[in-house]
Amino acid sequence: MTSVISALRKQIATCEATLKDLRQQLAEAEHNQREQGKIVPQKRRLATDPVNPMDHDMNFGVPDQFRDEIFSILQQEQTAPDAASTVAEDAPKWPLEKNEYKRYGRQLIMPEIGLKGQLRLKDARVLITRLNPNVTLVPHTSRLSPETAVSTFKQYDLVLDCTDTPASRYLISDTCVLLGKTLVSASALRIDGQMMVLNNPPLPAGDPNGGPCYRCVFPKPPPPESVVSCGDGGILGPVVGVMGVLQALEAIKVLTHKPTTTPADPPSLLLFSAYSNPMFRSIRLRSRKAKCAACSTHATISAEALESGSLDYVQFCGSLLPDNNPLAPEERISAKNYAQLRSGVNPFTGTVSKKESHLLVDVREKVQFELCNIDGSINVPFSTVSATRGPTSAVEEKDWTKMLRQSEKPIFVVCRLGNDSQVTVKKMKELGLDAGGKRYIGDIKGGLQAWRSTVDTEFPDY
Ligand SMILES: [Zn+2]
């Protein structure tokens with residue numbers, strides 16, 4: 001108890017010292033303003049005079065991590081009002097910095113955030129506290145495989161699964177069962193997350209008192225077309241944070257709990273949904289499955305099978321391999337040739353052509369289209385294209401096919417990476433939008449990624 005009290009006293013003393021320093025710094029900043037005769041009463045504008053606070057000695061013993069943040073805030077305050085008057089002249093084409101599209105891409109493509117939401121976040125200011133310097137991180141930079149999983153996991157007491165493909169989830173769970181390790185498994189996508197503590201207690205396969213494994217909960221993998229990665233579906237950053245913190249909490253509980261042969265708590269699946277009320281739900285899980293392929297007496301998965309590479313997790317989970325029936329070369333155009341076509345010369349015929357000479361259909365989802373797009377393109381989301389079944393009759397004609405049928409101009413289809421665009425070209429032809437082969441429909445090879453790398457390097461990469 002004495003140590004707790006003295007630790008708390010110490011913390012309070014540190015905070016008070018920091019607060020004192022900050023007050024002193026604020027007083028100094030205000031004093032400088034008065035000196036310039038330009039004091040501005042608004043609370044948030046601490047330094048509107050032209051003196052650069054970075055040039056002034058304002059350390060006053062304030063810890064470095066605070067000082068840098070305070071200076072950056074002061075500098076923003078100082079430059080913000082003037083920036084507005086010159087913005088029209090030098091307004092960049094895209095509202096976010098180039099690298100921000102990449103950094104925030106996964107939440108930018110979520111309808112709940114989008115470009116507007118990200119811009120609001122960008123304007124916000126948040127103070128982050130220092131990370132624990134006593135933690136040693138040992139990165140394993142190679143990809144986890146059945147051959148390496150056992151030897152890698154052996155060195156650890158507990159495993160936390162933060163991966164995002166079913167194949168890796170089954171592999172991680174199987175390895176934990178084989179090595180008698182508890183697994184804290186969490187996942188997150190868009191605004192949702194789920195978490196469970198598996199193989200807890202981690203008793204040998206066949207012992208019914210052991211906790212269920214991933215295969216007990218999900219004996220069969222989901223159909224590959226239903227699996228969406230965070231890169232494609234988006235993810236709200238704090239959702240990962242919530243799941244990560246919960247995982248850390250469970251890890252602490254498992255690691256500090258005395259080894260036991262009976263479950264401390266009945267196994268459960270915790271579901272989180274950021275936009276639901278309440279945000280958390282819990283589903284009770286059954287105990288180990290009598291015929292589980294990993295943790296029952298009927299287990300067929302062994303360390304030898306894993307290490308020999310004879311278990312193919314990717315095949316078990318199925319994968320959406322590239323189309324067996326790709327588009328013909330004449331149905332495809334490179335981004336470079338397409339750019340040429342827009343600027344004047346048709347690379348196919350040599351005749352003069354302009355961007356009005358054809359239709360450019362962008363099949364990314366709406367929120368991604370709104371983020372950035374090629375001038376003049378039309379948005380028909382791929383989800384809408386995929387949901388359109390068979391050749392439609394005139395009566396049930398969908399809006400997008402009706403719109404495209406109103407013109408006879410050639411159609412070029414573009415997407416993010418050049419896969420969905422190929423599927424769309426085929427679909428459009430199935431739906432008869434090519435007027436029996438009289439109208440050109442093709443895709444831009446490599447999609448907007450190729451457009452960015454070969455035509456417009458300023459095009460945002462999210
Ligand atoms: Zn199992």
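Q: Which elements do the buried residues of α17 pack against?
A: This is a predicted model, and in it helix α17 covers residues 420-430, with Ser421, Gln422, Thr424, Val425, Lys427 and Met428 as its buried residues. These buried residues pack against β6 (332-333), β7 (359-362), α15 (382-387), α16 (399-405), β9 (411-414) and β10 (441-444).

Q: Is glutamine 422 buried or exposed?
A: Glutamine 422 is found in helix α17, and, leaving aside its neighbours within four places in sequence, it is in contact with Pro326, Leu327, Arg332 and Asp443. A residue counts as buried when its relative accessible area is under 20%. Because the relative accessible area of glutamine 422 is 16%, this residue is buried.

Q: What arrangement do the four donor atoms make around the zinc ion?
A: The zinc ion is coordinated by the SG atoms of Cys213, Cys216, Cys292 and Cys295, at 2.2 to 2.3 Å. Four donors count as tetrahedral if all angles lie between 85 and 135 degrees. The angles subtended by the four donor atoms here are 92 to 120°, so the arrangement is tetrahedral.

Q: How many residues apart in sequence are the parts that cysteine 213 and cysteine 292 tie together?
A: The donor residues of the zinc ion follow the spacing C-x2-C-x75-C-x2-C in sequence. Cysteine 213 lies in the loop between β3 (192-198) and α8 (214-217), while cysteine 292 lies in the loop between β5 (280-284) and α11 (303-308), so the pair ties together parts whose separation in sequence is 79 residues.

How values were computed:
Residues are numbered from 1 along each chain as its sequence is written. This is a predicted model: local features need pLDDT of at least 70, side-chain atom pairs count only at pLDDT 80 or more; totals for chains, interfaces and linings use all residues. Side-chain values use heavy atoms; hydrogens and water are left out. Donors are N, O and S atoms within 2.8 Å of the metal (3.2 Å for Na, K and Ca); water is not among the atoms, so sites may look incomplete. Four donors count as tetrahedral if all angles lie between 85 and 135 degrees; four count as square planar and six as octahedral if opposite donors are over 155 degrees apart and all others between 65 and 115; anything else is irregular. Helices (H or I, at least four residues) and strands (E, at least two) are DSSP runs, numbered from the N terminus. Buried means under 20% relative accessible area, exposed over 50%, partly exposed in between (1.4 Å probe, protein chains only). Contact means heavy atoms within 4.5 Å.
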